2 protein chains.
Amino acid sequence: MTNEAKPARREFFGASALALTGVGLSAAGLTSCATPIVREHPTQQPLIQPGDTVLFQGDSITDAGRDRKTAGIANDRKALGNGYAWLAAAGLLVQHGAAGEAAPDAEHTASNSGLRVFNRGISGHKVLQLDKRWQRDCVDLKPDVLSILIGVNDIWHSKNGKFNSTPAIYEKDYDALLARTREELPKVRLIICEPFVLRCGSIDESWFPEFDEYRAAARRLADQHHATFVAFQSMFDQAAKIAPPAHWAGDGVHPSNAGKAMMAHTWLATVNHAHV
Amino acid sequence: MTNEAKPARREFFGASALALTGVGLSAAGLTSCATPIVREHPTQQPLIQPGDTVLFQGDSITDAGRDRKTAGIANDRKALGNGYAWLAAAGLLVQHGAAGEAAPDAEHTASNSGLRVFNRGISGHKVLQLDKRWQRDCVDLKPDVLSILIGVNDIWHSKNGKFNSTPAIYEKDYDALLARTREELPKVRLIICEPFVLRCGSIDESWFPEFDEYRAAARRLADQHHATFVAFQSMFDQAAKIAPPAHWAGDGVHPSNAGKAMMAHTWLATVNHAHV
């Protein structure tokens with residue numbers, strides 16, 4: 001119990017760090033004492049590392065009313081918006097510290113061990129619009145960690161006639177954007193977030209099964225590009241069993257405060273256990 | 001990367017489960033392959049177990065406008081309020097499933113493997129008021145897991161003359177309540193949450209260092225009663241470095257939506273790594 005009874009921040013973040021060693025253990029590894037844990041991941045490192053620059057990219061769900069005037073300032077409260085990206089950024093900065101200040105972990109007191117977090121989500125954007133601004137809003141920021149949530153507008157704007165896309169076009173264009181990203185930023189650690197909808201508001205049955213094909217494409221791209229996958233739809237599918245869909249996203253697309261909180265926890269719980 | 005690229009819910013909750021094995025590993029254990037992980041915790045189990053009844057107890061921060069009419073219904077959205085307790089409950093129910101439905105984990109399909117979560121926080125309450133209603137609002141519910149956040153009113157109501165307490169009285173009465181709880185519920189798994197304030201709104205310098213003595217008392221009680229400790233003040237102290245205190249709690253006591261989200265994530269991240 002000692003671990004749990006001590007100050008929790010160090011303990012649970014310590015646990016997260018140790019979890020990284022445990023993630024790769026097979027069930028057999030857990031029941032057999034013969035497998036030394038260190039050999040399980042001889043080369044892998046935590047996804048989030050001291051001094052990282054972390055970039056959130058996407059559409060209105062990521063944008064969430066962020067202040068453009070301070071967009072160039074790392075870790076700026078208003079520049080990070082009021083959505084899941086801000087809450088996830090806050091979780092990262094509480095855990096790892098912000099660049100320029102002493103990290104909360106006393107073992108890392110160097111001021112450069114903290115993180116620099118940016119948000120470049122723009123409301124209404126689709127894959128092609130990310131591509132158009134990728135140099136300025138991604139490559140030039142030289143992120144060590146890049147988290148992308150994109151896709152709901154690719155189908156939504158196609159359904160309402162403003163755009164013309166299909167799951168195949170989305171996958172092809174997104175694949176090209178990720179390949180370009182790997183070329184420009186060979187060491188970037190990728191996080192691909194699953195596009196999601198709740199069955200309420202603007203979302204009706206006409207979205208399915210097409211929307212599921214967009215989600216499946218994002219999953220395939222995460223596998224192909226060795227990205228950590230954050231399964232937001234899987235989380236919301238479970239959440240909709242315990243509260244009505246509109247509790248999580250009134251219009252079925254834009255998360256409520258409760259939806260944002262669940263997304264940030266899911267993102268952090270996934271990323272804090274991820275290896276690269 | 002396979003672990004991270006697969007559906008994340010199973011993966012990160014799987015990681016959390018594995019993390020439990022890792023929590024107790026010493027730094028030496030991580031660098032030496034000689035220590036089999038299974039021997040580290042020969043008898044310990046995850047704090048949250050299939051079929052558990054989980055009870056949140058406390059004051060207005062836990063209450064958060066919960067519906068009394070449905071208070072007897074496990075996992076009821078309105079009965080769980082609109083605070084950190086609801087968001088933490090939702091996180092637990094998304095991860096473990098709700099009693100009466102198939103758990104999300106395909107390996108646990110029995111309908112009784114899900115959780116039953118209740119909230120019995122009441123606005124304005126102090127330790128003595130929990131004691132008065134403990135039989136009805138705790139013992140009778142037979143919780144397997146009991147999470148308590150209490151203390152800010154013990155100091156607040158004493159400062160404004162409505163009550164007369166000291167850190168020593170708080171510790172003595174809280175200790176007696178926990179001893180009584182262990183007597184009535186010998187197998188209950190305890191979670192003690194750290195009372196917290198943000199330095200804004202109703203909170204001025206006159207609260208210190210007295211408030212810190214209340215926090216220290218809660219910490220000591222967690223150690224003495226083998227409870228998992230959720231360090232909310234430590235989390236908010238870090239959070240206040242990246243956004244103004246009022247962003248997390250306008251009056252310094254009652255968390256904003258962002259404050260609730262950070263509390264729920266901190267509670268879940270702590271509890272998901274805790275052993276008993």
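Colleague: Are Trp248(A) and Trp86(B) buried or exposed?

Modeller: In this predicted model, Trp248(A) is buried, and Trp86(B) is buried as well.

Colleague: How many aromatic pairs does the structure hold over all chains?

Modeller: There are 22 aromatic pairs over all chains. One of them is formed by Phe196(A) and Phe232(A), an edge-to-face pair with 5.9 Å centre to centre and 75° between the planes.

Colleague: Which parts of the chain does that pair link?

Modeller: It links distant parts of chain A. Phe196(A) belongs to the loop between β4 (189-193) and α10 (210-224), whereas Phe232(A) belongs to helix α11 (residues 232-239), and the two are 36 residues apart.

Colleague: And are Phe196(A) and Phe232(A) buried or exposed?

Modeller: Both Phe196(A) and Phe232(A) are buried.

Colleague: Back to the tryptophans. Why is the pair of Trp248(A) and Trp86(B) stacked?

Modeller: The planes of the two rings lie at 25° and their centres are 5.8 Å apart, so the pair of Trp248(A) and Trp86(B) is stacked. Planes under 30 degrees apart count as stacked.

Colleague: Where do Trp248(A) and Trp86(B) lie?

Modeller: Trp248(A) is in helix α12 (residues 245-248) of chain A and Trp86(B) is in helix α5 (residues 84-96) of chain B, so this pair joins two chains.

Colleague: What lies over the face of Trp86(B)?

Modeller: Arg77(B) does, at 5.1 Å from the ring centre. Elsewhere in chain B, Arg199(B) lies over the face of Phe208(B), at 3.6 Å from the ring centre.

Colleague: Which residues do ring pairs link into a cluster?

Modeller: The cluster consists of Phe56(A), Tyr84(A), Phe196(A), Phe232(A), Phe236(A) and Trp267(A). It therefore includes both rings of the edge-to-face pair discussed above.

Colleague: Changing topic to the strands: how many residues of β3(B) are buried?

Modeller: Five of the five residues in strand β3 (residues 145-149) of chain B are buried, and the strand is mostly covered. Val145(B), Ser147(B) and Leu149(B) point one way, while Leu146(B) and Ile148(B) point the other way.

Colleague: Is the pairing of β3(B) with β1 parallel or antiparallel?

Modeller: Strand β1 (residues 53-58) of chain B pairs with β3(B) in the parallel sense, over five bridges. Within that pairing, Ile148(B) is the bridge partner of Gln57(B).

Colleague: How many bridges does β3(B) have with β4?

Modeller: Four bridges connect β3(B) to strand β4 (residues 189-193) of chain B, again in the parallel sense. Here Val145(B) has Arg189(B) as its bridge partner.

Methods: Residues are numbered from 1 along each chain as its sequence is written. Chains are lettered from A and ligands numbered from 1 in the order in which they are written. This is a predicted model: local features need pLDDT of at least 70, side-chain atom pairs count only at pLDDT 80 or more; totals for chains, interfaces and linings use all residues. Side-chain values use heavy atoms; hydrogens and water are left out. Buried means under 20% relative accessible area, exposed over 50%, partly exposed in between (1.4 Å probe, protein chains only). Two strands pair if DSSP finds at least two bridges between them. Rings of Phe, Tyr and Trp (its six-membered ring) pair if their centres lie within 6.5 Å; planes under 30 degrees apart count as stacked, over 60 as edge-to-face and the rest as tilted. A charge sits over a ring if NZ of Lys or CZ of Arg is within 6 Å of the ring centre and within 35 degrees of the ring normal.
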